[in-house]
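Here are a few exercises to work through with the model open in your viewer. Try each task before you read its solution.

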Amino acid sequence: MFTLFFSPGSCSRASHIALEESGLPYKARRVNFAEGEQRSEAFLKINPKGRVPALATASGVLTETPAILAFIAQMAPEKKLAPLDDPFEFALMQSFNAFISSTVHVAHAHGRRGSRWANEDSSLADMKAKVPQTMGECFELIEHGMLHGPWVLGTAYSVADPYLFVMSGWLESDGVDIARFPKVHDHFRRMNDRPAVQRALAGERG
């Protein structure tokens, strides 16, 4: 039994969806960001970074979405959530997930977590103002070179797809019209229709 520590609407949603796709036994434990639970002594013992997702396993706690997604895929190989038998395709998936983690998510965070990088109000405002441009540029790359369609890796669904789904869902709040990216928009709609996605979203609401 795994325990996923999550916060609704955050990047932990990708791991939540992947767990639902995998069929692995797990329980979801909400971390209340509004009350600062991520900074509590109890949670910092689980993840000293004070962030989600964190996945408690029998071997220890995993953090960072790309690592958790790869682990879930490897723990349920029969579900074919990653190209586990093809090192190059697996690396392509990891490359995509690393881009989401290191570039897209960071671009988004400049609009909400600017204090991680700057203190001056003018600097924070400048970072926030640039988010529509930087997120738009990220999704131009995804639309025209990284989303091979119908899924990220082409014809095979993988754990890269819920990660893209989460980022696509943030576009509107970042001042970017998802309709600018027809392939991404179609991917987002199809992801919304997947039963595992609907279960994960219901779990967040619950």
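The exercises below go from the overall fold to ring pairs and then to the backbone.

The model is predicted: local features need pLDDT of at least 70, side-chain atom pairs count only at pLDDT 80 or more, and totals for chains, interfaces and linings use all residues. Residues are numbered from 1 along each chain as its sequence is written, and side-chain values use heavy atoms, with hydrogens and water left out.

**Exercise 1. The fold**

Task: Find how many helices and strands the protein has, and the pattern they follow along the sequence.

Solution: 
- Begin with the DSSP runs, numbered from the N terminus: helices are H or I with at least four residues, strands are E with at least two.
- Counting them gives eight helices and four strands.
- Reading along the sequence then gives β-α-β-α-β-β-α-α-α-α-α-α.
- Along the principal axes, the C-alpha atoms fill a box of roughly 50 × 45 × 30 Å.

**Exercise 2. Burial and contacts**

Task: Work out what percentage of the residues count as buried.

Solution: 
- Of the 206 residues, 47% are buried.
- Now turn to contacts, meaning heavy atoms within 4.5 Å.
- Among those between residues at least 6 apart in sequence, 64% join residues at least 24 apart.

**Exercise 3. Aromatic pairs**

Task: Search the whole structure for aromatic pairs and classify two of them.

Solution: 
- Rings of Phe, Tyr and Trp (its six-membered ring) pair if their centres lie within 6.5 Å; planes under 30 degrees apart count as stacked, over 60 as edge-to-face and the rest as tilted.
- The search finds five pairs.
- For F2 and F71, the ring centres are 5.7 Å apart and the planes are at 85 degrees, so this pair is edge-to-face.
- It links distant parts of the chain, F2 in strand β1 (residues 2–6) and F71 in helix α3 (residues 65–75), 69 residues apart.
- F2 is buried, at a relative accessible area of 9%.
- For F165 and F188, the centres are 4.9 Å apart and the planes at 25 degrees, so this pair is stacked.

**Exercise 4. Backbone exceptions**

Task: Locate two cis peptide bonds and two residues other than glycine with a positive phi.

Solution: 
- Keep the background in mind: most residues other than glycine have a negative phi, and most peptide bonds are trans.
- The bond from V52 to P53 is cis, with omega near 5 degrees, and P53 sits in the loop between α2 (41–46) and β3 (54–57).
- G149 and P150 are also joined by a cis bond, omega about 0 degrees; P150 is in the loop between α5 (121–146) and α6.
- E64 has a positive phi of about 80 degrees and lies in the loop between β4 (60–63) and α3.
- K80 has a phi near 55 degrees and belongs to the loop between α3 and α4 (87–109).
- Finally, compare accessibility: E64 is partly exposed at 40%, whereas K80 is exposed at 63%.

Definitions and conventions: Buried means under 20% relative accessible area, exposed over 50%, partly exposed in between (1.4 Å probe, protein chains only).
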